[in-house]
Amino acid sequence: MKRILKKKGFWIALIIALVFVYLAFGGSGREEEIIGGADGPTAIFVAEEEESEPFAVMPANPVEMTGETISVYNWGDYIDSDVIDIFEAETGIRVIYETFETNEDMYAKIAMGGSSYDVIVPSDYMIERMIQEELLQPINWNNVPNVKNIDPRFTHESYDPEFKYSVPYTWGTMGLLYNTETVLQAPDSWDILLDEEYRMDMFMLNAPRDTMAIALVMSGHDLNSIDAADLADAKKLLIDQKPLVLAYVVDEVKDKMIAGEASVALVWSGDATFCMSESDELNYVVPKEGSNIFYDAMCIPHNARNVSGAEKFIDFMCRADIAAANYDYVGYAIPNTAAIELWGAEEYNASPVNNPPQDTLEKCQVFRYLGENTKLYDQIWTEVISEF
Amino acid sequence: MMRNKALAAPFVLWAMIFIVVPLVMIVWYGVTIEEPIPYTEIVQPDGSVIYQLEDGSRTTEKPWQKRAVFSLNNFRRMLEPTYLRLLLRSLKVAVITTAICLLLGYPVALILTGRDFKRPALWLLLLILPMWMNFLLRTYSWMSILENSGILNSWIARLREAIPALDEWLLSMGVRRRIIFLYNENAVILGMVYNYLSFMIMPIYTVIEKIDKSLLEAAADLGASPVKSFLRVTLPYSLPGVLEGITMVFVPAVTTFVISQLMGGGKVPLIGDIIQNQFGKSSDWHFGATLSLLVMVVVLAFMGALGRIDKDDEPHKEVRIL
C-alpha cells in the first residue's frame, strides 16, 4: 500500500476521480441553489417549519399502570408513538404494538390463529374477507362513544355495509400526481393518461389490481368488475397505452416525480402527500370520472383476549385531540370531523388529497374482495406488461 | 471411512434442510393447485341452509377454506405464449449479457495477466471493489446517472447550453433535449453487464494466471507469432475459466428480477419478475413454483450443454498444445 501511495499515477487517478465526483454532485448542488434562488422557496421553507410544529397533546388524568395489556397490530410507521404513551398514561393499560407490511401478512397471522391481537388495522377488501371468514367480531358501539366523531360519509361502505365490525382510521384515493410546470393544463380527467402529448412522460403503477381498476373506470366499467368483456376492454386500453408510458413503477414513483422525471403519474394519495411536501411543483387530483377510495380501519379479531381494552383503545383513537395529533404525524386523510375542526379545517381542506369534490368522492368505490378472481387480474396484468 | 462420514454429517444435514427440502417444496407447490374444500348444501325444512363437509361434519356458515390438490393446470398455463415469450426474452437478454461480459471480460483478464502489466492485484481490487457494495445500490446509482433528470442528461443539457450551435444541430437531427436512456431493454442489459462483469473476469483471470509461462516461451522459441501462441496455448487453456465465467453470468442473468424492474422501469419484465410477482403481489405460490421449475429445467439444460463442451475439449488439449 505504501508503494502505491508513492506513485504519481495513483495521485493523478485520485484527482481525476475527485473532479468527476465534483462535476457529478457538486455541479447539481449549484443548480439547486440557482433554482432555489429564483423561486425563493427559502422563505416558504421557513414558514413551513413554523407551521409544522407538532400538534401536542398531554395525557389528561394519568393513572397507575394496572398490569392489563392490549396488543395492537398496525401498518408500519402508521401511528404517532406519543399517542400510545398517552393512552397508557390515561388508562393504565400497557400497549404491545406490532406492525405489518401487507394485508396478506397480517391476514396470515390472524387466520393461522397462533397469535392473538386485540386491535388490528386491515384495509377495506381485507376487512370484507375477514368478515366473510368470521375472523372479526362486531364492535359494541356503547363502549365506543367517540364513534360520533366519524363522518358518516366514510361509514357503511360496502366492505362493512352495516357498520358493525370496523372504525375507519384513515382513507385515501388513487389519483393523478402532476407537475404543474410541465403539464399544459391541470388535468381533471383520466384521459390525460391516453394523451399523445405526454408520450413517454407518464408513470403507471406496477400493481395489477390498482392499475386495472383505473383502466376499468377509463373504459366506463365498474372498477370491481370480473366480467370477461369488461376486463378485455381494460386490457386493450392498457396495451394501447403502453407506448405512452415511461415506466411502470411502485415506490420509485415518489423520488422520480420529485426529481421531475415525468409530467403525470398514477399514484396513491399517501404518496402524493409526501411528494407534494417535497416539491412545490407537484399537485394531485382525483379525476372526475371517479376512482378507488381505500380505507384502513380498526377492527377487533375474533380471538382477541382483551375486548374491553380494545374498545377503549379504539374509542381513544377516535377522540378528537388524539385523532388530530395522529393525523399531524401520519398525514393520511382522516374521517374524524371533530379532529379536523380541532387541527384546523381550513388548512386541512386546502389539500386536494384530503378534500376531493363531493361529487367525485361519490363516484369513488372501494375494492371488493374478489377471492379467486384476483388471479384474473394478475393474469391479465402479466399479459399487458409482457406485451412487446 | 466411518470417521469421514461422521464429519460430513453436518453438511448432509445442512443440504437436507436448505437444498432438498426447499426443492421438494417447489416441486410439491408446482404440481398442486388450491381449491375450495368440497361441501354439499342441505336445505333445512325451515328454509335455512346447512353445509356438510366431506368428513361428515356440518356447519351453518358457508365453508371458505382451501385445500391443495394435485393438478397439472399450472403446467398448461405455463405453456401459454405469454410466459414462453417472457422466458425467450429472459434467455435473449441473458445471452446478450453473457456475450458482452465475455467480450469485455476476456481482454481485461488477458491484459491483467500480461507480463508487462504492473500491479495486477491492485487493478483487480479496483475492479472488485464496487462489488463489495450491495448490488441494489449499484443499480440505483445507474438509475440516477441515466434518468431523464439524471446526471448524464444534466451534463448533456449543460453542454448544449454552452454550445448553442451544437444544440441547434442536435435538434435538427431530431435529438430531444432529454434523452431517454432508461426504461428499455438496453438499460436492463447495461445494468446486468455492470453487475455481473466481475464474475466473468475473475475465473478467466485465475485460469490464465495459472498457465505455465514456459509453454508460451516455448511457443515463441519455436517461432509461433503472439497470435498463434494465444490461439494454440492461452485460449485452449483458459477455456475452463471461460466456461465457468459464462455459467456465473448466465445463470443469475436468466433469473434476475430486480435489475429488470429498476433499469427497465417495469417495461422489460423477465421471467424472474413474473415469478417474483407470483410469490408477492399475486400470492399464487403454486404457479410461481411451476414457473421456477421451468427455469430450473432451462438452467440445468444449459449447464448440461456447457458441461459437455468442457468434457469434449479435454482430450484435444494436449494434442493442440503439442
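1. Of the contacts in chain B between residues at least 6 apart in sequence, 74% join residues at least 24 apart; here two residues are in contact if their C-beta atoms, placed from the backbone, lie within 7 Å. Please keep in mind that this is a predicted model, where local features need pLDDT of at least 70, side-chain atom pairs count only at pLDDT 80 or more, and totals for chains, interfaces and linings use all residues. Residues are numbered from 1 along each chain as its sequence is written, while chains are lettered from A and ligands numbered from 1 in the order in which they are written.

2. Chain B has 13 helices and five strands, taken as DSSP runs numbered from the N terminus (helices: H or I, at least four residues; strands: E, at least two). The C-alpha trace of chain B spans about 105 × 75 × 35 Å along its principal axes.

3. Now for the chain pair: 24 residues of chain A are in contact with 22 residues of chain B. On the chain A side, helix H2 (8–39), strand S7 (245–249) and helix H15 (374–385) each supply at least two residues, and H15(A) gives the most, with five.

4. A residue worth a look is Ile314(A): leaving aside neighbours within four places in sequence, Ile314(A) is in contact with Val119(A), Ile139(A), Val144(A), Val167(A) and Met298(A).
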